[in-house]
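I opened a new page for this one. My plan is to look up a few things and jot each down as I go.

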Amino acid sequence: MSKFGLGRGLADLKQEMGNIPDISILTGAERVVVKQIPLAQIGANPDQPRKTFTESELSDLAASIKEKGVLQPILLRAVSGRPYMYEIVAGERRWRASKLAGLTEIPALVKQLTNENAMEIALIENVQRENLNPIEESNAYKNLMEKCGYELSDVSRLIGKSESYIRNIMRLDSLPADVKHMVEQGDISASHARTIAVAENPTELAHKIIDNNLSVAETEKMVRDTARRQTSRAYNAKTIDAQTVHDIESKISTVLGVNAKLREKRGGAGQIILNFATRMQLHDLVEKLTSK
């Protein structure tokens, strides 16, 4: 069953909240209205994908809020057992800037949402606004899959990005903290980071990228010549020793009567190549492979 479904509540939210992401999980028929909520009653969402808010962008937004006010309401949900009454689902930057601007209240929509729905909305808002750095984006996808039980296909459908894109960006989560910091600071690109994520020594390689101003193509070549992590999907390029390969090829050749070659690829995959010399030998081979 699909996790997502478009409901009438979305139209109400769009009308009252303005230009919000087209979030399919804002469902239900209840009427939501804009309220002035005291800032002191609001807390940040611990599962908010975006973790970094620069001082300059908050200062700029605070100056705008002082002059024009908060033009777009934030989205909240009521919570219990917390030091605050409401938790931010979307709009944490506006909330932070409003406090910086000296406001005591902020316009907000209060919506009944599950933990899963709140995580979905927060992720979509940030991804569509391009507010997340690659490390935050990687962690957000991981949280959705681990905390909400989502499959890769669910996340792909939710955010409108391919499964291969999500899989590649999630590789960044395996990087050491110092390399993640380099990505967040822009010292190396996400493409560089994904390339070295499979290596045994990503920190060393990251410094080489910076020191030598390596391109992604040059980084890929460097990684091919270095050791791989044992947990990497690309590890185990040669897990079968040469004698075992020879024994397997000899056994297949004896049983089938043709020359056989075993080719192992990275990650344990591979192929067996059967060579025949004549049409008659091909016919005999097919008979042996298909007979019961």
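First, a term I need: a helix here is a DSSP run of H or I with at least four residues, numbered from the N terminus. I also note that I'm working from a predicted model.

**Entry: Glu249.** I looked up where Glu249 sits, and its place is in helix 12, residues 242–256. Is Glu249 buried or exposed? I found 12% relative accessibility, and buried means under 20%, so Glu249 counts as buried. Next I checked its contacts, leaving aside neighbours within four places in sequence. Glu249 touches Ala260, Lys261, Leu262 and Arg263.

Entry: I traced an open sheet of five strands, in the order 1-5-3-4-2. The pairing is mixed. Which strands are at the edges? I noted strand 1 (34–38) and strand 2 (42–43), each of which pairs on one side only. I then followed strand 2 to strand 4, residues 86–90: two bridges join them, and they run parallel. In this pair I found Ile42 opposite Tyr86 of strand 4.

**Entry: helix 3.** I wanted to know what helix 3 (residues 92–100) lies across. I got strand 2, strand 3 (74–78), strand 4 and strand 5 (105–110). Against strand 4, helix 3 runs at about 125 degrees. I listed the buried residues of helix 3 as well: Glu92, Arg94, Trp95, Ala97 and Ser98. Last, I looked at what follows helix 3 and wrote down Gly102, with a positive phi near 90 degrees.

Definitions and conventions: Residues numbered from 1 in each chain as written. Predicted model: local features only at pLDDT ≥ 70, side-chain atom pairs only at ≥ 80, totals over all residues. Heavy atoms only, no water. Pairing = 2+ DSSP bridges. Contact = heavy atoms within 4.5 Å. Axes fitted to C-alpha atoms, helices over the stretch in contact; angles between N-to-C directions. Buried < 20%, exposed > 50% of the residue type's maximum accessible area, 1.4 Å probe, protein only.
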